[in-house]
Amino acid sequence: MTESILVLDNVSKSFARTDADAITHALDSINLTVRQGEFVSVVGPSGCGKSTLLRLIAGLIYPTTGEIKLDKEKVEGANPDRGMVFQKPTLFPWLTVRENVAYSLKVQKKYNDEKDEVDRLISKVGLDEFKDSYPHQLSGGMAQRVSLIRTMINKPRVCLLDEPLGALDAFTRMNMQDELLNMWRENSQITVMVTHDVDEAIYMSNRVIVMAPRPGRIRECIDINLEYPRNRLSDNFVSYRREILGMLDFGKKEA
Amino acid sequence: MELQILTKQELMEMERAPKTKADILVDYVVCFLPVLAGAFCLLEYYLLPNYEINTNTNVYGVFIGIIISLFLAAFIVSFKSKTVFNKLRYKAPFYSFVFILLTVYDFLTLKTGTLMLPYFPWADRVLNAMISDWRYLSDCAKNSLILLFTGYFSGAILGLITGIACGYSKKINYWVSPFIKLLGPIPSTTWIPIVMVIMASLFKGAVFIIALGVWFSVTIATITGISSVEADYFDAAKTLGATSRQLIFGIAIPYAMPNILQGLTQGMSSACTSLMVAEMLGVESGLGWYINWQKSWAEFSKMYGAIILICLIFIVVNKVLAIVKKHILKWQEGVVQ
C-alpha cells in the first residue's frame with residue numbers, strides 16, 4: 001500500500017448568506033498537506049471555518065476556488081474513504097447499535113464479507129452488551145464510541161473528526177482520547193481533528209494548526225515533538241500550551 | 001435477595017410502600033366487584049317484573065353470565081398471577097360501572113318503560129335482533145370491510161408514493177403541493193354526490209372517496225416527516241457511502257416513520273367516516289346501508305345491533321393498527337423500556 005497524502009491547494013470557500021444580500025468568506029487560501037500517519041488538530045476561535053474545512057475534505061461541500069486532492073485524485077463528493085465523525089453522534093435512532101455499525105458495509109454491499117468486523121469493533125469499544133440496544137438507550141460516551149467505529153469500519157484513508165469529544169464530560173473525554181489514539185495507531189490513517197480544547201490538541205496530534213477568523217485562514221502550524229503517550233503535566237507540554245494559547249489570545253486582540 | 005435475579009416486578013414492589021392488611025383486603029374486594037355487579041345485573045333482569053307487555057329471553061342472561069364467569073376466572077387466576085392481578089385491579093372499577101350502567105338501562109327500558117320502544121330497545125332485544133339477522137349482518141360487515149380496506153390501502157399506497165416523491169424532489173413538490181393545499185382541507189365526503197354520479201359503479205366511487213381522504217392525510221404526513229429530517233443524518237450517511245437512493249429509503253423514510261404512521265392512523269379514522277357516509281348515501285350494501293335500511297322500517301333494535309358491530313370492528317381495526325405502529329416504532333424512546 002502506498003502512502004496516502006492529502007493536499008489542499010489554495011482552497012477558499014464562500015457562502016451566500018440567506019439573511020442578507022452578501023456573502024461570507026468562510027475560508028481564504030488554505031494550503032495544507034497531511035501525510036499518512038499524521039494526526040493534525042485544528043484549533044481557533046469560533047467562526048474561523050474549522051468545520052467548513054472538514055466538510056470540504058469530506059466532500060459534503062465543494063470549494064469555491066482551489067482544489068483538494070487525496071492521493072492525486074480530486075475530491076468530489078462524499079466517500080467512505082474519507083470518514084467523518086461529528087460532534088453529535090448522529091447514530092440512526094431506528095437502527096440498533098449493531099445495525100448502525102454495519103450500516104456503511106450494507107450500503108456498500110460489503111456486509112456479507114465483513115460481518116465479523118462489526119462484532120470485533122463493538123467488543124473493542126466494550127459495548128458487547130449493548131449490541132441490540134437502540135441509540136436512545138446509550139450514554140453520550142457510548143454513543144460517540146459507536147459513531148467512531150461506524151466510521152472506522154471502512155478503514156478510511158482520511159479520518160475527519162469534528163469536535164468528536166466536545167459534548168462529553170471530562171473523564172469520558174480523557175478515556176476516549178486514548179481510545180482514539182489507539183485506533184489511529186492501529187490504522188495510521190490521515191487524521192484531521194477540529195477541537196476547542198488546546199490541551200486535547202497537544203495531547204493527541206503531531207501538528208496543531210492555529211486558525212484565525214474572518215476570513216478563516218491558517219495563522220500558524222506548530223509541530224508537537226513529544227513522545228506518545230504524552231504527559232499533560234510535563235514542562236514541554238505546558239510550554240506548547242502556553243505558546244498556542246498565547247497565539248489565540250493574540251488573535252482575539254487583533255480582531 | 002440476590003440483586004442479579006431481581007425482576008422488574010419484584011423491584012417495583014420493593015419500591016412501593018408496604019401494604020397493610022386492610023389495603024390487601026380492599027384490593028381483593030375491588031377485584032371481585034365486577035362479579036358482584038354482574039350478579040346484581042342478572043338479579044335485576046330476572047327478578048323484577050317486566051313493564052306491561054315487554055318480554056325477555058335468556059339471551060341477555062347468558063351473555064351477562066358468560067362475562068361474569070370470565071371475571072370470576074380472572075379473579076381466581078389473580079391469586080396466582082401478579083400481571084392478571086394488576087390488570088384486574090386497575091380495570092375492575094370501570095367494568096363494575098359498566099354493569100351498573102347496563103342495569104340502569106335495562107331498568108329504564110324493559111322494566112319501567114321510562115324510555116319507550118321503538119327508539120330504546122332493551123339490550124336483550126338488540127342481542128336477539130343481532131342473532132336473528134346474523135347471516136345478513138355478517139354479509140354486510142364483510143362488504144363494508146372489503147370496501148374499507150380497498151379504499152384504505154389504495155389511498156395509503158398512493159399517499160406514500162406522492163409524499164415520498166414530493167419529499168424527494170423539489171420539482172414534483174412544486175407541481176403537486178398547491179393541489180394538495182387547495183383540495184386537502186375539503187372533507188372527502190363532500191365529493192360523494194358528484195362521484196356517485198360520475199363513477200361507473202358505486203363501489204368504485206366509494207373506494208375513490210375513501211382513498212382520497214387517506215391519500216391526503218398520508219401524503220401530508222409523509223412530506224412533513226421527510227422535510228424534517230435533520231441534515232446531520234444525511235451528512236453522516238453520505239460520508240458512510242450512501243447513494244441518493246439509499247438516503248431516501250434508508251434515512252428519510254425511517255426518520256419520517258412516526259409521522260407516516262400518524263398519517264396512517266388519521267387516515268383510518270377518515271376512511272371509517274367516509275365509509276359510513278358513502279354507504280348511507282349510495283352504496284347498496286354494507287353496515288352503513290343496513291343501518292339506514294333498518295331505520296326506514298323502524299327496526300331500531302337491528303339498527304343498534306349494526307352500530308354495536310361497527311363499533312367492535314373499528315375497535316379491532318384500530319387495535320391492530322396500534323400494534324403494528326408499536327412494532328415499527330420500537331426504536332423510539334419510551335417504547336422500548
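Trainee: In this model, which residues in α6(B) meet Ile248(B), Ala252(B) and Ile253(B), among others, in α11(B)?

Mentor: Bear in mind from the start that this is a predicted model. The residues on the α11(B) side of this contact also include Leu264(B), Gly267(B), Met268(B), Ala271(B), Leu275(B) and Glu279(B). The residues that meet them from α6(B) are Ser144(B), Leu147(B), Leu148(B), Gly151(B), Tyr152(B), Gly155(B), Ala156(B), Ile164(B), Gly167(B) and Tyr168(B).

Trainee: How do the residues of the contact of α6(B) with α11(B) divide into nonpolar, polar and charged?

Mentor: The two helices, of which α6(B) covers residues 134–168, pack at an angle of about 145 degrees with their axes 9 Å apart, and their crossing is right-handed. The contact between α6(B) and α11(B) is made up of 13 nonpolar, five polar and one charged residues.

Trainee: Which element gives the most to the side of chain B that touches chain A?

Mentor: The contact takes 16 residues from chain B and 21 residues from chain A. On the chain B side, the elements that give two or more residues are α10 (231–239) and α11 (244–281) of chain B. With six residues, the element that gives the most is α10(B).

Trainee: What classes of residue has the side of domain 1 of chain B that touches domain 2 of chain B?

Mentor: The domain assignment of chain B gives domain 1 as residues 5–132 and domain 2 as residues 134–332, and the centres of these two domains of chain B, taken over C-alpha atoms, are separated by 36 Å. Eight residues of domain 1 of chain B are in contact with eight residues of domain 2 of chain B. By class, the side belonging to domain 1 of chain B has seven nonpolar, no polar and one charged residues.

Trainee: Turning to chain A, which strands stand at the edges of the sheet, each with a single partner strand?

Mentor: The sheet is an open one of six strands with mixed pairing, in the order β6-β7-β8-β3-β9-β10 of chain A. A strand with a single partner has one side left without a neighbour in the sheet, and so the edges of this one are β6 and β10 (217–223) of chain A.

Trainee: Which residue in β7(A) is the bridge partner of Gly83(A)?

Mentor: Gly83(A) belongs to strand β6 (residues 82–85) of chain A, both faces of which are covered, with Arg82(A) and Met84(A) buried on one side and Gly83(A) and Val85(A) buried on the other. β6(A) pairs in the parallel sense with strand β7 (residues 158–162) of chain A over four bridges. In β7(A), the partner of Gly83(A) is Cys159(A).

Trainee: Why is strand β9 of chain A largely enclosed by the rest of the structure?

Mentor: β9(A) is joined to β3(A) by four bridges, and these two strands run parallel, while β9(A) and β10(A) pair in the antiparallel sense over six bridges. The strand covers residues 207–212 of chain A, and it is largely enclosed because, of its six residues, the number buried is five.

Trainee: Which residue in the turn of the hairpin formed by β9(A) and β10(A) has a positive phi?

Mentor: Within the pairing of these strands, Arg207(A) has Asp223(A) in β10(A) as its bridge partner. The hairpin has four residues between β9(A) and β10(A), and the residue in the turn whose phi is positive, at about 45 degrees, is Arg214(A).

Trainee: Which strands of chain A does helix α1 touch where it packs on the sheet?

Mentor: This is an open sheet of four strands with antiparallel pairing, in the order β2-β1-β4-β5 of chain A. Its edge strands are β2 (23–35) and β5 (73–74) of chain A, each of which pairs on one side only. Helix α1 (residues 50–58) of chain A has a direction that makes about 65 degrees with that of β2(A), and the strands of chain A that α1 touches are β1 (5–16), β2 and β4.

Trainee: Which helices of chain A are included in what covers the buried residues of α2(A)?

Mentor: Helix α2 covers residues 97–107 of chain A, and its buried residues include Val97(A), Tyr103(A) and Leu105(A). The helix is followed by Lys109(A), which has a positive phi near 55 degrees. Among what covers the buried residues of α2(A) are α3 (111–124) and α4 of chain A.

Definitions and conventions. Residues numbered from 1 in each chain as written. Chains lettered and ligands numbered in written order. Predicted model: local features only at pLDDT ≥ 70, side-chain atom pairs only at ≥ 80, totals over all residues. Buried ≥ 20, exposed ≤ 12 C-beta atoms within 10 Å, placed from the backbone. Pairing = 2+ DSSP bridges. Domains from an automatic or database assignment. Contact = placed C-beta atoms within 7 Å. Nonpolar A, V, L, I, M, F, W, Y, C, P; charged D, E, K, R; others polar. Axes fitted to C-alpha atoms, helices over the stretch in contact; angles between N-to-C directions. Left-handed = near helix turned anticlockwise from the far one by under 90°.
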